[in-house]
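Please open the model in your viewer and keep the selection panel at hand. The tour below goes from one selection to the next and says what is to be found at each stop.

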Amino acid sequence: PHTVRPIVESPPTLDELQRWVPLSGLAIHRWLNTSGQSYRALDRSVIDASTDADWLARLTSDGKLVKRPVLVRGDTVLVGFKPDAWRDALTR
């Protein structure tokens, strides 16, 4: 069983991100959809000056900033599609 969540329309909450980011093993900047319009609309000075807390707040308010897809299964959190990692996570 699984739940599909349209993350653009329903971005992750701060509580979710505070749990998921460490479980993913990725730095917060790896959660950013850097090719998306929301990210590209940010001024370079804003990007350079942003702290992890700033990015967390932005990710909760703009689902387009979140790199997709995101898989959360127990303590496994995957960001972006990597076929081998997804296959391993889904067949355990």
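On a 1 Å grid over the protein atoms alone, a pocket is an open set of points with protein on both sides within 12 Å along at least five of seven lines, whereas a cavity is a set of points where a 1.4 Å probe fits but cannot get out; a lining residue has an atom within 4 Å of a point. Grid points are joined across faces, edges and corners, and the volume is the space filled by probe spheres set on the points. The model is predicted, so that local features need pLDDT of at least 70 and side-chain atom pairs count only at pLDDT 80 or more, while totals for chains, interfaces and linings use all residues. Residues are numbered from 1 along each chain as its sequence is written, and side-chain values use heavy atoms, with hydrogens and water left out.

**The largest pocket**

Start with the largest pocket, which holds about 490 Å³ of space. Select Thr 3, Val 4, Val 70, Leu 71 and Val 72, which are the closest to its centre of the 15 residues that line the pocket. Strand S1 and helix H5 (83–90) are the elements that give two or more residues to this lining, and S1 gives the largest share, four residues. Helices (H or I, at least four residues) and strands (E, at least two) are DSSP runs, numbered from the N terminus.

**Helix H1**

Next, select helix H1 (residues 14–24) and colour Leu 17, Trp 20, Val 21 and Ser 24, which are its buried residues; buried means under 20% relative accessible area, exposed over 50% and partly exposed in between, with a 1.4 Å probe and protein chains only. Looking down the axis of H1, you will find these buried residues within an arc of 105°, so they line one face of the helix; the arc is that of the directions from the helix axis to the C-beta atoms. They pack against H4, strand S1 (70–73) and strand S2 (76–79), where contact means heavy atoms within 4.5 Å.

Turn to the other side of H1, where Asp 15 and Pro 22 are exposed, the latter at 58% relative accessibility.

Which residues are in contact with Ser 24, leaving aside its neighbours within four places in sequence? They are Trp 31, Val 77 and Val 79, and Ser 24 itself is buried, with a relative accessible area of 15%. Just after H1, Gly 25 takes a positive phi of about 75°.

Move on to H4, in which Trp 55, Leu 56 and Leu 59 are buried. Seen down the axis of H4, its buried residues also fall within an arc of 105°, so they line one face of the helix, and what covers them includes H1, H2 and helix H3 (44–49). On the other side of H4, Ala 53 and Ser 61 are exposed.

The structure holds two aromatic pairs, and in one of them the rings of Tyr 39 and Trp 55 have their centres 6.1 Å apart and their planes at 25°, so the pair is stacked. Rings of Phe, Tyr and Trp (its six-membered ring) pair if their centres lie within 6.5 Å, and planes under 30 degrees apart count as stacked, over 60 as edge-to-face and the rest as tilted. Tyr 39 lies in helix H2 (residues 37–40) and Trp 55 in helix H4 (residues 52–61), so the pair ties together parts that are 16 residues apart in sequence. Tyr 39 is buried at a relative accessible area of 14%, and Trp 55 is buried at 5%.

End with Arg 58, which lies over the face of Trp 55, at 5.0 Å from the ring centre; a charge sits over a ring if NZ of Lys or CZ of Arg is within 6 Å of the ring centre and within 35 degrees of the ring normal.
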